[in-house]
Amino acid sequence: MPTPLKAATTLAALFLLILTAAAPAQAANPPTKPPVSGSLGTYNVSGVYVAGVSSGGYMATQLHVAYSSRIRGAAVFAAGPYYCSQNTVAQALYGCGDNRYPTNVSALQTYTRTWASYGWVDPVGNLSGDPVYVFHGGNDTTVKKSVTDDLVRYYQHFGASVQYDSGSAAGHSWVTPYGTLGCAATASPYLNDCGTDPQNVLLRKLLGGVTAPNTGTLGGSLIRFSQNTFAVNGWANGLSMDANGFAYVPSACAAGQSCRLLVALHGCVQSSGAVGTAFVDRANLNQYADTNNLIVLYPQASTSLSNPNGCWDWWGYLGATNFPIKGGAQVETIMNMVRRLDG
């Protein structure tokens, strides 16, 4: 058994360090807005959704399951089922990235039902009918396909409406028309161009329909806000989260129109501390947000001794066993941001 620090370092490295070499693609330049310092406001939010990649995909599922009464659907790239790590680094490493250990999906489903009976997560009946979009790339060797298959099975067990995209040649990445790498790459900044637009597909799945994105000048504002305000301990760095997060707010939402909220969670080595605003700018979400009355919240993780690659806590690196349920430090900190935005 590896030591916790060595194993955590290995796990983080496994999840988003360079595993395959690829030449950068000729990236399209997205319309962007420079961030401006501000604070999160409260808007007329009619529904909340989550999306994430890799460790952000695991965190998205934790948020969805813990707060399914509030979060209406999820989009998950390159990740496995809820509570896959079972609070064990070795299981996270060998069962939730590689597939040398089984993911024990039936046990994860039992944990979920039991915790719901305790009130630690919302009733599992809320998941029935929820839209879920799942993406796995054919060149992703960081999270094996069988692991993502088990994420699909986990959600289907609870009656979620799952759309599974496993036909892409993508590496371990968030796939976007504004990707800076070729499709098969697994390399920083983990934004790959496969000649497709998964964001159109996932937003149609989550929202029930989507208007074409804004490819001109963005009309909203990208707000850089203090995450300390929302951290459960008042100090985001102490939770392996950055001092600042971002939120894209379309002008229509700022003017009081009804809008939906998407929480978008980067992967390891993909936070602002590692890649600046590359994920925020190039995830192809702000462009759709502008034309679909969609606020996009971008919480930011950060590096720490137990989390050297700035992953989200899906295996318990903060040292608490409640990381995937209500009361988990990062879960509650992100939900505090959601509570501010949707009142």
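## Valine 76 and its surroundings

Leaving out residues up to four places away in sequence, valine 76 touches Gly52, Gly57, Thr61, Tyr133, Val134, Phe135 and Leu151, where contact means heavy atoms within 4.5 Å. Valine 76 sits in strand E3 (residues 71-77); helices (H or I, at least four residues) and strands (E, at least two) are DSSP runs, numbered from the N terminus. With a relative accessible area of 0%, valine 76 is buried. Buried means under 20% relative accessible area, exposed over 50% and partly exposed in between, with a 1.4 Å probe and protein chains only. The C-alpha atom of valine 76 is separated by 9.7 Å from that of tyrosine 164, and the two residues are 88 residues apart along the chain.

The model is predicted, so that local features need pLDDT of at least 70 and side-chain atom pairs count only at pLDDT 80 or more, while totals for chains, interfaces and linings use all residues. Residues are numbered from 1 along each chain as its sequence is written, and side-chain values use heavy atoms, with hydrogens and water left out.

## Nonpolar cores

The largest nonpolar core has 73 residues, and Leu63, Tyr155 and Leu297 touch the most other members. Such a core is a set of buried Ala, Val, Leu, Ile, Met, Phe, Trp, Tyr and Cys residues joined through side-chain atoms within 4.5 Å. Helix H11 (residues 329-342) gives the largest share of this core, 7 residues. A second, separate core has 35 residues, including Phe77, Leu203, Leu222 and Phe246.

Not counting residues up to four places away in sequence, leucine 63 touches Val50, Ile71, Leu265, Val331, Ile334 and Met335.

## Packing of helix H2

Two packed helices are described by the angle between their axes and the distance between the axes. Axes are lines fitted to C-alpha atoms, for helices over the stretch in contact, and angles run from 0 to 180 degrees between N-to-C directions. Helix H2 (residues 55-66) packs with helix H5 (residues 145-157) at an angle of about 10°, their axes being 13 Å apart. H2 and H5 are therefore roughly parallel to each other; angles under 35 degrees count as roughly parallel, over 145 as roughly antiparallel, 65 to 115 as roughly perpendicular and the rest as oblique. H2 contributes Tyr58, Thr61, His64 and Val65 to the contact, and H5 contributes Val147, Leu151, Tyr154 and Tyr155. By class, the contact of H2 with H5 has 6 nonpolar, 2 polar and no charged residues. Ala, Val, Leu, Ile, Met, Phe, Trp, Tyr, Cys and Pro count as nonpolar, Asp, Glu, Lys and Arg as charged, and the others, Gly among them, as polar.

The axes of H2 and H11 cross at roughly 75° and come within 10 Å. These two helices, H2 and H11, are therefore roughly perpendicular to each other. Met59, Gln62 and Leu63 of H2 meet Gln330, Val331, Ile334 and Met335 of H11 in the contact. The contact of H2 with H11 divides into 5 nonpolar, 2 polar and no charged residues.

## Aromatic pairs

Across the whole structure, a search finds 20 aromatic pairs. Rings of Phe, Tyr and Trp (its six-membered ring) pair if their centres lie within 6.5 Å; planes under 30 degrees apart count as stacked, over 60 as edge-to-face and the rest as tilted. Tyrosine 58 and tryptophan 314 form a stacked pair, with 4.0 Å centre to centre and 5° between the planes. This pair links distant parts of the chain, 256 residues apart: tyrosine 58 is in helix H2, and tryptophan 314 is in the loop between strand E12 (294-298) and H11. Tyrosine 58 and tryptophan 314 are both buried.

Ring pairs also link Tyr82, Tyr83, Tyr111, Trp115, Tyr118, Trp120, Tyr154, Tyr155, Phe158 and Phe323 into a cluster.

## Backbone features

Alanine 78 has a phi near 55°, a positive value in a residue other than glycine. Alanine 78 lies in the loop between E3 and helix H3 (89-95) and counts as buried at 3% relative accessibility. Tyrosine 83, also not a glycine, has a positive phi of about 55°. Its place is in the loop between E3 and H3, and tyrosine 83 is buried, with a relative accessible area of 10%.

A cis peptide bond, with omega about 5°, joins serine 188 and proline 189. Proline 189 is in the loop between strand E7 (181-182) and strand E8 (191-193).
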